[in-house]
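What lines the cavity, and how is the strand paired?

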Amino acid sequence: MSGTNCDDDEMPPCPGIDKVMEKQEEGVIKKSSPSASVGSEQDSASWEQVHIQERSYKDPLRELHPSTAVIYAGYHSNLSEQAIKPPIFKSSTFVFSSAEEGELFFKRAYGLEGNDGKAPGLVYSRLNNPNTEILEDKMVSLEQGSKYCNAFPSGMSAISTTIMALVPTNGHILYTNPVYGGTYFFLKDMCPERLGVTSEGIDTSNPEKLRTAIQQVHSLDVLYIESPANPTLSITDIALATSLAKAKNPNCLVMVDNTFMGPVFQSPFLFGVDVVLYSATKFIGGHSDLIAGLVLTKEKDLMAKINAYRTILGPVISPDTAWMLTRSVETVWLRMERQAQKAQKVASDLAAHPRVTKLLFPGSYVGESSNTARAIKTELWQRQCTGTGSMIAIVVRPNTRKAAFTVLNAMKIAHLAVSLGSTETLVEHPRSMTHSDMTVEDLDACGIQEGMLRISIGLESSKDISKDLLGALDMIQDDED
């Protein structure tokens, strides 16, 4: 885990942190596709000749760093009275210029005979809306390797609609265990009962267990990965997992819930996956003031299937929420980097407290049982991620619910609340809250213990948050069994 000795409370990031950030930015560009390389003669020529406002607003601006591209992609001021930010389009329906245009737009929207394969144009806000499209285009510019995006009114609607659209009846899904509680319930209970789709949870962060599970299944239609996993923060080797799944079935779809790390610290498409999903409520929204989800693909036909289900089932994001996300997504890079910097300091402080028996934090593996295990996990994190993120999990001593609740009830600054990725620090008890719908057997198998707390570090002073959490840990008594 990389730390810093400079004070992060009042001052901007110190020069040492700036250098780390520069390396991360360079790494993202280097990992992107050849067409996105910076510095070629062709790129230099296009840079000199074409002003950003003269290029299509649909252009993801791949030659720019994602933190720049997301600000300029998706919208031009000349589309709306030179307003530098888009208005909110609170309209349910849109006027066609002619009857023939209306006919063509519906052929495109529903894939009917005579469809020319182009985007349908504005028809009706259950199908599309300017605010939704602006957000989706900005997300494509931000998520390396993506080409298409659909926005949804929640992360679970994005996940469930995608599964229904892409997994055949009698299909089989292997999924990361642990996974977010809502995803767990949908995959474990609802898919078999309502969709005729079987599923099995496995520890995808363990290469041998993953390899064995894939070899033993009769068929594999989807490998669903959450990395880092919620709430244990275990990291799955996405490239290896994708390779194993595709070897089993070349048509197997690999999906990654990238909510904890992405789009700043992890780019799953660069490791060969087919679908990336987000609860945009979390870091992308970043302010605990909206609910939304996102699905991204690199293949047009996959998104066409997802979009068809969204159109008919109706899980569409409101123009207001899309507009708020358009605001938030432009600062996500800055926020996530700053939160990660603060989380490194808080994690170091927590690790030194005698009431913390286990610290789970990407990039920090000092608690591993052997040097070999530590080296393997560190190498994977360095290869796959460009930062730590700002999620921390701890197990308190004694490892009991009562001790964990004592900490939660003693906090003075951090909020006792679920969700994550916001400006304020949020702390919760996974076993009784976000993951309470899991069976006791699965909770135990996944390592979601009675004394575990999940912490999402916000943008407050790291000194204040450390003082608050350490003080709350001090309140634990030895007899709290």
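A cavity here is a set of grid points where a 1.4 Å probe fits but cannot get out. The model is predicted, and by this rule it holds three cavities of 30 Å³ or more. The second largest cavity, with a volume of about 30 Å³, is described below together with strand β12 (452-456).

**Cavity lining**
- The residues lining the second largest cavity are Ile 394, Val 407, Met 411, Val 427, Leu 453, Ile 455, Leu 469 and Leu 473.
- By class, this lining consists of eight nonpolar residues, with no polar and no charged ones.
- At least two lining residues come from β12, and at least two from helix α16 (462-474).

**Strand β12**
- Five of the five residues of β12 are buried.
- In a regular strand, side chains alternate between the two faces of the sheet.
- Leu 453 and Ile 455 point one way from β12, while Met 452, Arg 454 and Ser 456 point the other way.
- Leu 453 and Ile 455 also belong to the cavity lining.

**Strand pairing**
- Strand β9 (residues 391-396) runs antiparallel to β12 and is joined to it by five bridges.
- Within this pairing, Ile 394 stands opposite Leu 453, and both residues line the second largest cavity.
- Strand β11 (residues 426-428) is also antiparallel to β12, with three bridges between them.
- Glu 428 has Arg 454 of β12 as its bridge partner, and Arg 454 is buried.

Definitions and conventions: Residues numbered from 1 in each chain as written. Predicted model: local features only at pLDDT ≥ 70, side-chain atom pairs only at ≥ 80, totals over all residues. Heavy atoms only, no water. 1 Å grid on protein atoms, 1.4 Å probe; cavity = no way out; pocket = protein on both sides within 12 Å on 5 of 7 lines; lining within 4 Å. Points joined across faces, edges and corners; volume = space filled by probe spheres on them. Helix = DSSP H or I, 4+ residues; strand = E, 2+ residues; numbered from the N terminus. Nonpolar A, V, L, I, M, F, W, Y, C, P; charged D, E, K, R; others polar. Buried < 20%, exposed > 50% of the residue type's maximum accessible area, 1.4 Å probe, protein only. Pairing = 2+ DSSP bridges.
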